[in-house]
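Please look over the display before we start.

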Amino acid sequence: MSDAILSSLRPWLDQGVPRGITSVCSAHELVIEAALRRSLETNSPVLIEATCNQVNQDGGYTGMTPSGFRDFVFGIADRVGVGASAIILGGDHLGPNPWKHLPAAEAMAKASDMIAAYAEAGFEKLHLDASMGCQGEPAHLPDEIVAERAAQLALRAEQGSRGKPVYIIGTEIPTPGGATEALDHLAPTTPEAVMTTYRVHERAFESIAPAAWARVLGIVVQPGVEFGHEAIAVYRPERARGLSRSLRDMPELVFEAHSTDYQPEIALAQLVADGFPILKVGPELTFALREVLYGLDAISNFLDPQAASLRDVMEEVLLAQPSNWATHYHGTADEQRLLRHFSYSDRIRYYWPVPAARDAVEALLARLSASPIPPTLISQYLPRFYDRVLSGVLPAEPRILLLQAIRDVLDRYGRAAGDRHS
């Protein structure tokens, strides 16, 4: 089932009935559980991806290797009741980025070992991204070097894979995770640029890894979609028409859209119709999770003003370990405080596994699970759920509300992708 949807994306587009798939880019346990529960309830495949910084042979910032991440996802799937055949595992931006401070030869050796670990762990979808310069190199490399390095990575994956993975090539600018510059001048990739990327990769693959080229599924471009700390660039299809038309000259490929978080449903549906059927979402899922956690925190503080505040605990954690936000959030002290908790880039997501944060969340959920939450407080602090709670279709149980917040985002993506079950 999982292989079928990826191989069907281009035929569906050519037949005039475009459908897509959501790529869930998160290592948060509740996000993955929500995605897997949705897969079970809708009888549809689920695509879950890890990035090179999250998960690699050295552990990444999650502490998980590719096989460890696979076991983490499948462990949740076993608990939920989802079979392995419904799960597609992907690796995102696989290349030298975690080691770009090293000379190119050393960084590429590390990247090669990483992609071999992903392939050996059974990841089916591999995004090859060697676009970043390493020590002593320019930040953005010539297309020929990028393509040659990507093909070298594909060859290593081919040698280590248990199956026949599919590949994504190319990258978007700005880099993933949220733009740091103003978004008002964000321009889509030009048709000329995407065709150059396609042709140089084709030549490099045919020279280095010809068998892999037949399984290149898509190409990452910039359709004019991005989010920053406080702003969102919403998709404007008229600006990407030339880009969409360029797919006519790449008959086997589709576009992969990164940083689609927070896009309106109509924009997501238009992306799918315009040849961007792979929709990546990550920070929005944990943003929705945090919104509900803070809503539950407000309810708890009203019911028991003496109870510890989750938001206060998170502020302490964020200030004690600033490495994941300090170089990203600028401005006055008050502006930085606002961004630490409420920015679209959601860098607070890196802190939920910290023991103090995890303990505070568990304590909050335990307090609010001890007795029913008054519906009037749901109306006040979590109004998105009020109608469903009042009608009885959604229990006012803290953990269920957290999962539902994530599910609501995934359902919006599912509807945009043509999922009839959303």
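Student: At 38% relative accessibility, does Arg384 count as buried, partly exposed or exposed?

Tutor: This is a predicted model: local features need pLDDT of at least 70, side-chain atom pairs count only at pLDDT 80 or more, and totals for chains, interfaces and linings use all residues. Residues are numbered from 1 along each chain as its sequence is written, and side-chain values use heavy atoms, with hydrogens and water left out. Buried means under 20% relative accessible area, exposed over 50%, and partly exposed in between (1.4 Å probe, protein chains only). At 38% relative accessibility, Arg384 is therefore partly exposed.

Student: Which residue does Arg384 meet in a salt bridge?

Tutor: A salt bridge needs a side-chain nitrogen of Lys or Arg within 4 Å of a carboxyl oxygen of Asp or Glu. The partner of Arg384 sits 2.5 Å away, N to O, and is Glu291.

Student: How many residues apart in sequence are the parts that the pair Arg384 and Glu291 ties together?

Tutor: Helices (H or I, at least four residues) and strands (E, at least two) are DSSP runs, numbered from the N terminus. Arg384 and Glu291 form a salt bridge with N and O 2.5 Å apart. Arg384 lies in the loop between α14 (375-381) and α15 (386-391), and Glu291 in helix α10 (residues 283-303), so the sequence separation of the tied parts is 93 residues.

Student: How many salt bridges does the structure hold?

Tutor: Some salt bridges join into a network, which links Glu29, Glu33, Arg37, Arg79 and Arg399. For the structure, the count is 26.

Student: Which residue forms a salt bridge with Glu256?

Tutor: Glu256 is buried, at 0% relative accessibility. The closest N and O atoms are 2.7 Å apart, and the partner is Lys125.

Student: Which strands hold Glu256 and Lys125?

Tutor: The two residues form a salt bridge. The pair ties together parts that are 131 residues apart in sequence, because Glu256 and Lys125 lie in strands β9 and β4.

Student: What is the bridge partner of His127 in β5?

Tutor: Two strands pair if DSSP finds at least two bridges between them. Strand β5 (residues 166-169) runs parallel to β4, with three bridges. Within β5, His127 has as its bridge partner Ile168.

Student: Where does the backbone oxygen come from that lies 2.8 Å from a polar side-chain atom of Gln263?

Tutor: Gln263 is in the loop between β9 (254-257) and α9 (265-273). Gln263 is buried, because its relative accessible area of 0% is under the limit. Beyond four places in sequence, its contacts (heavy atoms within 4.5 Å) include Val225, Tyr235 and Arg412. The oxygen belongs to Ala233.

Student: How many disulfides are there?

Tutor: A disulfide is a pair of cysteine sulfur atoms within 2.5 Å. For Cys25 the closest cysteine sulfur, in Cys52, is 12 Å away, too far for a bond. Cys134 is in no disulfide either; the nearest cysteine sulfur, again that of Cys52, is 12 Å away. The count is zero.

Student: Is Pro210 buried or exposed?

Tutor: Pro210 is found in helix α7 (residues 210-213). Its relative accessible area is 51%, so Pro210 is exposed.

Definitions and conventions: A polar contact is a pair of N or O atoms within 3.5 Å; within protein, one must be able to donate a hydrogen and the other to accept it, and residues adjacent in sequence count only if both atoms are side-chain atoms.
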